[in-house]
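Subject: Structure handover

Hello,

Here is the structure I promised to pass on. Please open it and keep it beside this note while you read.

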Amino acid sequence: MSLQLIFILVVLMTANQIIGTGYGSWKSGFDRGLFFRGVKKILLLFVGYGAIALAARFAADYMPKAEYLSGILLEPIAMYFTKVCDSLKQLLNEP
């Protein structure tokens, strides 16, 4: 379950990055540094959360309590979901 949530989060963050970059380039000009910071954040979150989720999934075969790592991941993923959704809502509601 965590792997699917991480994938959805990465898709939402990528959409947010694309919309934000497009909107920023029309509004105030393209900021290359801001763009690459966003891409770096997406990659780091995907690699970090993905590694933990994969470790929990495969370690559960050998240590039953390792499945709890997936549960621990749900809170930070949910926080990023709300942050990205709020950002998307703010971008899409601007005139």
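Which residues are buried in H3? They are Leu73, Ile77, Phe81, Val84, Leu88 and Leu91. Before the rest, one caution: this is a predicted model.

Overall layout

The protein chain has three helices and zero strands. Along the sequence the pattern reads α-α-α. The chain has 95 residues, and 26% of them count as buried. Its exposed surface comes to about 6,800 Å². Carbon and sulfur atoms supply 69% of that area. Among contacts with a separation of 6 or more, 79% join residues 24 or more positions apart.

The core

The largest nonpolar core holds 13 residues. Six of them touch the most other members: Ile6, Leu9, Met13, Tyr49, Leu73 and Ile77. Helices H1 (2-27), H2 (32-59) and H3 (68-92) each supply at least two residues of this core. H3 gives the largest share, with five residues. As a general point, nonpolar side chains tend to be buried together in soluble globular proteins.

Helix H3

Back to H3, whose buried set includes Leu73 and Ile77. Both also belong to the group with the most core neighbours. Where does H3 kink? The kink is at Leu74, shortly before the proline Pro76, and is about 25°. The end-to-end length still agrees with expectation, because 25 residues at 1.5 Å a residue should span 36 Å and the end C-alpha atoms of H3 are 37 Å apart.

Helix H2

H2 passes the same kind of check: its 28 residues should span 40 Å, and its end C-alpha atoms are 40 Å apart. Its buried residues are Gly38, Ile42, Leu45, Tyr49, Gly50, Ala53 and Ala56. Of these, Tyr49 is also among the core residues that touch the most other members.

Is Thr14 buried or partly exposed? It counts as partly exposed, because its relative accessibility is 31%, and the cut-off for buried is under 20%. A polar atom of the Thr14 side chain lies 2.8 Å from the backbone oxygen of Val10. In general, residues three or four places apart on an α-helix point the same way, because there are 3.6 residues a turn. Thr14 also pairs up across the chain: its C-alpha atom is 7.3 Å from that of Ile42, 28 residues away in sequence. Ile42 is one of the buried residues of H2.

Best wishes

Note on methods. Residues numbered from 1 in each chain as written. Predicted model: local features only at pLDDT ≥ 70, side-chain atom pairs only at ≥ 80, totals over all residues. Heavy atoms only, no water. Core = buried A, V, L, I, M, F, W, Y, C linked by side-chain atoms within 4.5 Å. Buried < 20%, exposed > 50% of the residue type's maximum accessible area, 1.4 Å probe, protein only. Helix = DSSP H or I, 4+ residues; strand = E, 2+ residues; numbered from the N terminus. Expected span 1.5 Å × (residues − 1). Bend = angle between axes of the 7 residues up to and from the residue. Contact = heavy atoms within 4.5 Å. Areas by Shrake-Rupley, 256 points an atom, 1.4 Å probe, with all protein chains shown as cover. Polar contact = N/O pair within 3.5 Å; in protein donor to acceptor, adjacent residues only side chain to side chain.
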